[in-house]
Amino acid sequence: MTKTRRGLLLVAWIATVAILGWVVDRHLVIGTDLRLFMPSPQTPQERLILDEIGEGPASRMLLLAISGSDPQAAADTSRALAAALRASGEFRLVANGESSLEAIPDSLLSYRYLLSPTLDHSALDAGFLRAQLEERVRDLSSPAAGLLEPWLPRDPTLELLKLADSWLPARQPQLLYDVWFGASGKEALLVAETRAAGFDPQGQRKAADVLQRAFEDSRTHNNLRLESSGPGAFSVLMQERTQGEAQWIGSFDVVGLVILLLIAYRSVPVLVLGLLPLVSAGVAGLAAVGTIFGAVHGITLAFGFTLIGVAQDYPIHLFSHQHRGLDARSSARALWPTLATGVASTCVAYLAFLFSGVRGLAQLSVFTVTGLAVAGLTTRFLLPSLVPDSNRDAADSALLGRLWHAIAGLPRPLWLGVATAIACVVYLALSPRPLWENDLGALTPIPPALLARDAALRRELGAPDVRYLLVIEDADAESVLRKATDLDPKLEALVARGVLQGFDQPARYLPTKAVQEQRRAALPDPDTLRASLNEALGTTPFKPGIFEPFLADVATARQLPALGPADLAGTPVETRVSSLLLQRENHWTGLVTLTGVTDAAAVAQVAAAMPGTTLLDLKQASEDLVAHQRERILWCLAVSAVLLVIVVFVALRDALRVRRVLAPMALTTLIIVALLHATGVSLSLFHLIALVLAAGLGLDYALFFEHAADDPAEQRRTLHAVIVCSVSTLLVFALLALSTLPVLRAIGLTVAAGVVSNFVLALLLTRPSTRTDG
Amino acid sequence: MIGLLLATSPLHAADPDADALLARLARPAPDSTSFVEVRFSSLLDQPIVVAGRLEHRQDGSLVRSVEWPYQEVTELHGENVSVTRAGSKARRFSLDRAPELRGMLTSFGAILQGDRQTLDKYFIVSATGSDARWEITLLPRADKLRRYLSRIVVNGVESSPKCFTLAEPDGDESLMALGITGPGDLPTSRTRDALHAWCAGGNRP
């Protein structure tokens, strides 16, 4: 191939990748909903759980604390921040203790008689009114006079105040300057419920940014600090940490790989060419996922690039076999059967994830399979034409020669392999500890100091439990509210028994229509009320005629239709009701949030007595889901393992050769699982993915060792290739293993151990027989 | 100290020196005094009268206990106010929601501590009368406070305050007479003019 044609091919290749990359970049939507990595729900119960895990009010709740300056400044900031957050549109509910009395819109004022429980136990008769009016006279000579006086003509029974009080949390922190403060009196406390679901890190990130900006704008003193806690804040924090650490490790990886490849091939063009298949693989993988799924999950992206890193090995095999007088194209032809077997069998392994029933894993599968196939094909058909003729020959290396000689002297302890395999299986079978980790949170553990702080804030604010949630389901909102109303006294009894500290339910804000109608029917007609009021006024110092607005309001209330969820739009009550009463496709769901549950079984008992009511243990439920999901993935992996053996068998057509190729990989998998278990590590989905990756690497090493012809020079070139491959992979994953984050460490450790074990075992069990030719 | 100030202050000046007057009025906590309060409201056709004790505690909090004609205890602690009446739940609110109360407390506290600086910060202070019978008028400086509180008038005799009168823009008024034990000590006519005249009068409480 002439220099010009070579240049044209290189430009065309780079241009294609660049254009495709540009198109992908423009159209690809990166999703972050973590539920994409959860199994698709099969039963109504599972759907309920998946809905609530990320949607429940507790998972959206951020606990905020403002401190660092004098309490007055903190209180002013709390008020300004609450107003800014409410206006931002990112939060459904912001509470800081400020009374919502003034915030009740005029349209709802007359509804106070239907919403407040007063009429359930008293009637608006002369006796009740007289008692109320006497209290109001006393109010007027108390220091609260200024506060209450403006409301009295309209609301002599202070129904609005009762309503506003009843909407406050049952246990709330102390009020200073009219806003919530911690017991120390130094930090202002707020609760904010994000519009974004708890399982949507991107939405949570956005909410966190809005929160930070709103705080910067609202703070009245430069010393003030804002702390935020809760599931959303933690997911943002852990995402930042993971990204930060992954970036740091990534930069070291690049530097290390460049140095390694320069030492191995002493050529800059080779270094650059070596990257082309990998880059093509990434872009093609993204394009495939984008075309099939429309969007790609952030995790797919991060993991996918780790997994297709294997593709870096393909050009290395080609380069290591380069030597004087050999056209790279014929070399590629000679290597192809081995390379193709490696690519095909690795792809088969990753295909397992396509049928896992988990959308995120299916994306990962498509990305990896496409990427590896493209890397393999470009290494075979495009790259060889571009590789410059080399004057170096890896086989000439004296060091490599001595190494190969030493290796030739190693035993082939087949019996040891069998014994190790049996030992591992027996150990794993007999170990009493569970092999698997079901708690996803264990992989991204939140620092204990933050958890302690979260618990403290939660206690002070009486914020709902993130683990337990009562769910009421029924065909319509009225029935859900009726069940919530019926549950109320039973839960109150549990609070009295100390089983839980408190609870919140939708009927507290929006009574059933039946209850509202009952209260409406209890309102006296205008003439009767006027007569009763006049009778009650007789003995008080109130001026006659000042309560006309009250008479008018009651007359209005008698004509009001009962409020339903839809009538609340735009009112402060809506924000409370909408997070506890939700319309799903064809039914309604009511949520009862629980605070400080000490005896879940007692709560479950109450729930069981009410049809359509379930106590969700979100922790247990998500662990069950994880276990269920893993079972399915393991089955898929088993099937793909069988397919992999078939692929290798078709390629090699010799039982002995197949055994020699598959032995290191199978044994390595067993050894790693046993080692991880022995060191107290419970296996997670991430370990599984890492094990598949390690197995793919092992298969490649074994295939190439097995392939190496009798020619000692070829054997040394193969050794060179496998050493460069394994050292570069080891470098990447050993750095990952140093991570402080368990999820990165899990992958790093597993793959790094896999590389070492596969390399050593391939040498011991798979290497070709050597003729000692001096 | 009070004696020294008394001895050195001019007894016959036309307008008393506000600084010297304030210094004489200072009462270190703990301190306690009886009061009778009369409140005029636009909602009522006759004023309400209550009697009880005011207690200024060591920790700076103020307790207003109504003993007649019913029992009610108001605790003013820092920013928090709680009003508890026999037989009902405490009503809690903060001073932010009761600006006129904050104005009254600020002036009351500053006078008890002889703190001219605080008084000047929130009010335009003027004093009239003589050292024997004086009147301090406080006009709020801030617009926000003026919306809730027109003025505070403190009447007194020698080194004792006698009446605190709070006038609100809507015509409501509250008059607190200190040092008397029951409504019987007030003039029988409970009109504003009669009470103002009584407060300005020379008889010692």
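**Figure 1. Separation of domain 1 and domain 2 in chain A of the predicted model.** In this predicted model, the C-alpha centres of domain 1 of chain A and domain 2 of chain A lie 76 Å apart. Chain A is divided into domain 1 (1–31 + 267–392), domain 2 (100–167 + 512–521 + 528–562) and domain 3 (395–432 + 654–774). The chain contains 32 helices and 13 strands. Its radius of gyration is 35 Å, well over the 28 Å that the globule rule gives for 774 residues, so chain A is more spread out than a compact globule. Of the 774 residues in chain A, 46% are buried. Among contacts between residues at least 6 apart in the sequence of chain A, 83% join residues at least 24 apart.

**Figure 2. Helix H32 of chain A.** Helix H32 covers residues 742–766 of chain A. At 1.5 Å a residue, its 25 residues should span 36 Å, and the end C-alpha atoms are 34 Å apart, which agrees. Because 19 of the 25 residues are buried, H32(A) is largely enclosed by the rest of the structure.

**Figure 3. Strand S2 of chain A and its two pairing partners, S6(A) and S7(A).** Strand S2 (residues 61–67) is mostly covered, with six of its seven residues buried. S2(A) runs antiparallel to strand S6 (residues 188–194) of chain A, and six bridges join the two. In this pairing, Met61(A) stands opposite Glu193(A). S2(A) also pairs in the antiparallel sense with strand S7 (residues 225–229) of chain A, over five bridges. Here Leu63(A) stands opposite Ser229(A).

**Figure 4. Surroundings of Val236 in chain A.** Val236(A) belongs to helix H12 (residues 231–265) of chain A. Val236(A) has 21 C-beta neighbours inside 10 Å and therefore counts as buried, the cut-off being 20 or more. Leaving aside residues up to four places away in sequence, Val236(A) touches Pro201(A), Gln204(A), Arg205(A) and Ala208(A). The C-alpha atom of Val236(A) is separated by 9.4 Å from that of Lys206(A), 30 residues away along the chain.

**Figure 5. Positive phi at Leu158 and Arg266 of chain A.** Most residues other than glycine have a negative phi. Leu158(A), although not a glycine, has a positive phi of about 55°. This residue lies in the loop between H9 and helix H10 (159–167) of chain A. Leu158(A) counts as buried because 21 C-beta neighbours lie inside 10 Å. Arg266(A), also not a glycine, has a positive phi of about 45°. Arg266(A) is found in the loop between H12 and helix H13 (268–293) of chain A. With 11 other C-beta atoms within 10 Å, Arg266(A) is exposed.

**Figure 6. Contact between chain A and chain B.** In this interface, 20 residues of chain A are in contact with 28 residues of chain B. On the side of chain A that touches chain B, helix H8 (126–140), helix H9 (145–148) and strand S4 (174–176) each supply at least two residues. By class, this side of chain A has 13 nonpolar, three polar and four charged residues.

**Figure 7. Antiparallel strands S8, S9 and S10 of chain B.** Chain B has six helices and 11 strands. Its radius of gyration, 17 Å, agrees with the value near 17 Å for a compact globule of 205 residues. The C-alpha atoms of chain B fill a box of roughly 50 × 35 × 35 Å along the principal axes, and 32% of the 205 residues are buried. Strand S8 (residues 133–140) and strand S9 (residues 151–157) of chain B pair in the antiparallel sense over six bridges. Ile136(B) stands opposite Val154(B) in S9(B). S9(B) is joined by seven bridges to strand S10 (residues 160–167) of chain B, and the two run antiparallel. Within this pair, the bridge partner of Arg151(B) is Ala167(B). The hairpin of S9(B) and S10(B) has two residues between the strands, and Glu158(B) takes a positive phi near 50° there.

**Figure 8. Cis peptide bond at Pro69 of chain B.** The peptide bond from Trp68(B) to Pro69(B) is cis, with omega near 5°. Pro69(B) is placed in the loop between strand S3 (62–68) and strand S4 (72–77) of chain B.

Key: Residues are numbered from 1 along each chain as its sequence is written. Chains are lettered from A and ligands numbered from 1 in the order in which they are written. This is a predicted model: local features need pLDDT of at least 70, side-chain atom pairs count only at pLDDT 80 or more; totals for chains, interfaces and linings use all residues. Helices (H or I, at least four residues) and strands (E, at least two) are DSSP runs, numbered from the N terminus. A residue is buried if 20 or more other C-beta atoms lie within 10 Å of its own, exposed if 12 or fewer, and partly exposed in between; C-beta atoms are placed from the backbone. Two residues are in contact if their C-beta atoms, placed from the backbone, lie within 7 Å. Domain bounds come from an automatic or database domain assignment. Ala, Val, Leu, Ile, Met, Phe, Trp, Tyr, Cys and Pro count as nonpolar, Asp, Glu, Lys and Arg as charged, and the others, Gly among them, as polar. The radius of gyration is taken over C-alpha atoms; the globule rule is 2.2 Å times the number of residues to the power 0.38. The expected span of a helix is 1.5 Å times one less than its number of residues. Two strands pair if DSSP finds at least two bridges between them.
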